[in-house]
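Open the model in your viewer and keep the selection panel at hand. The stops below say what to select and what is there.

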Amino acid sequence: MTTAPTTLPPGTTPPSKRRGAPPAGRPRRRGGPRHPGRARRTALPYLLLLPALVLELLVHLVPMVMGIVASFRELTQFHIRDWTGAPWAGFDNYRLAVDVNRPVGEALLRSFLTTCLFTLLSVALCWLIGTAAAVFMQETFRGRGILRALFLVPYALPVYAAVITWSFMFQRDNGLVNHVIHDQLGIGGTEHTFWLLGDNSFWALLTVSVWKGWPFAFLIVTAALQNIPRELYEAAALDGANTWQQIRRITLPSVGPVNQVLVLVLFLWTFNDFNTPFVLFGKSAPEAADLISLHIYQSSFVTWNFGTGSAMSVLLLLFLLLVTAVYLVVTTRGRRHDDAGR
């Protein structure tokens, strides 16, 4: 039986002669042509990130693992040369750190409570001052750019230079703070105050922390305010809303997601702050300003008890992870509830 040839319409190219078509009698390869250059382009970003990832692991992960291992050993100055040969202590260092009936645990608890109070006040003041300054700077007036630059000076200055300057300003006899308060304003009599000793050291440390921390909050909130349409404020003003009502009903809800991240970052930075108390007070801070970061440093590098200091560091890490997880869960649920209510 003979099959009649298929007649193609005029001007149609036979399939065997089309460009890219496989030769007659050869099956078409499935999946299309391969592009080795596409695979290289896909892998290139990951290859560029690989050196930074390796350095990040070496700088953070390796010391973290070594600190966890050291927390389970009786690591003192006698085993520094060969710290892996230090006697195994198990959970003894952790029991010593959390036992509030013994001097070590009692001092750690007091330092922890001091740090909690200090962090709460510092974060609240940084957020309040930064948000107020950002809202104020939204209005257009002459010299706004210069004022914005001045607001960011504390954040741009190196931490050591700023804290050393404050330490000179807090000096009892020659400091600027006492000169202004006692000599110029006449507040508190003529007897100068010891700002870096006793209970006053807490307020001195809080002042420095807020001074160098609020410009960061100001910068973040200012960036968030740029996404709020001006028409919302104009419509609210036409409806009779005053400035406080506009801030409460428009500004704060609009920057809510940014504030959630901002508060968490400020909390972690402030709770872990070591440079400020160390530069301000040295290796030994007054009891009123004994933050937990400096307390762990003293327990490790002053008393040479690295095992106990490592255990304290691990406990601090677990506490911060727990607080961060709870904070994220609560804020995420609150955000979903607000979205569902809308």
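Start with the lining of the second largest pocket, which by class has 10 nonpolar, 4 polar and 2 charged residues. Here Ala, Val, Leu, Ile, Met, Phe, Trp, Tyr, Cys and Pro count as nonpolar, Asp, Glu, Lys and Arg as charged, and the others, Gly among them, as polar. This is a predicted model: local features need pLDDT of at least 70, side-chain atom pairs count only at pLDDT 80 or more, and totals for chains, interfaces and linings use all residues. Residues are numbered from 1 along each chain as its sequence is written, and side-chain values use heavy atoms, with hydrogens and water left out.

Select Tyr-155, Val-159, Lys-212, Gly-213 and Trp-269: of the 16 residues that line the second largest pocket, these lie nearest its centre. A pocket, on a 1 Å grid over the protein atoms alone, is an open set of points where a 1.4 Å probe fits, with protein on both sides within 12 Å along at least five of seven lines; lining residues have an atom within 4 Å of a point. The volume of the second largest pocket is about 340 Å³, a volume being the space filled by probe spheres set on the points, with grid points joined across faces, edges and corners.

Now colour by element. Helix H3 (103-136), helix H5 (153-156), helix H6 (159-169), helix H8 (200-225) and H11 each supply at least two residues of this second lining. H8 gives the largest share, 4 residues. Helices (H or I, at least four residues) and strands (E, at least two) are DSSP runs, numbered from the N terminus.

Next, go to the largest pocket, with a volume of about 890 Å³. Select Pro-63, Gly-67, Ile-296, Gly-309 and Ser-313, which lie nearest its centre among 26 lining residues. Helix H1 (36-70), helix H13 (292-302) and H14 each contribute at least two residues to the lining of the largest pocket. Which classes does that lining hold? It has 18 nonpolar, 8 polar and no charged residues.

Turn to the rings. The whole structure has 25 aromatic pairs, where rings of Phe, Tyr and Trp (its six-membered ring) pair if their centres lie within 6.5 Å; planes under 30 degrees apart count as stacked, over 60 as edge-to-face and the rest as tilted. Select Phe-271 and Phe-319, a tilted pair at 5.4 Å centre to centre with 40° between the planes. Phe-271 lies in helix H11 (residues 256-271) and Phe-319 in helix H14 (residues 306-341), so this pair ties together parts 48 residues apart in sequence. Buried or partly exposed: which is Phe-271? Phe-271 counts as buried, at 1% relative accessibility, while Phe-319 is partly exposed at 25%. Buried means under 20% relative accessible area, exposed over 50%, partly exposed in between (1.4 Å probe, protein chains only).

Then select Phe-301 and Phe-306: the ring centres are 5.4 Å apart and the planes are at 85°, so the pair is edge-to-face. Phe-306 is buried at 12% relative accessibility.

For the cysteines, select Cys-116, partly exposed at 28%, and Cys-126, buried at 3%. The structure holds 0 disulfides, a disulfide being a pair of cysteine sulfur atoms within 2.5 Å.

Finally, zoom out to the chain, which has 14 helices and 0 strands. Buried residues make up 32% of its 342 residues.
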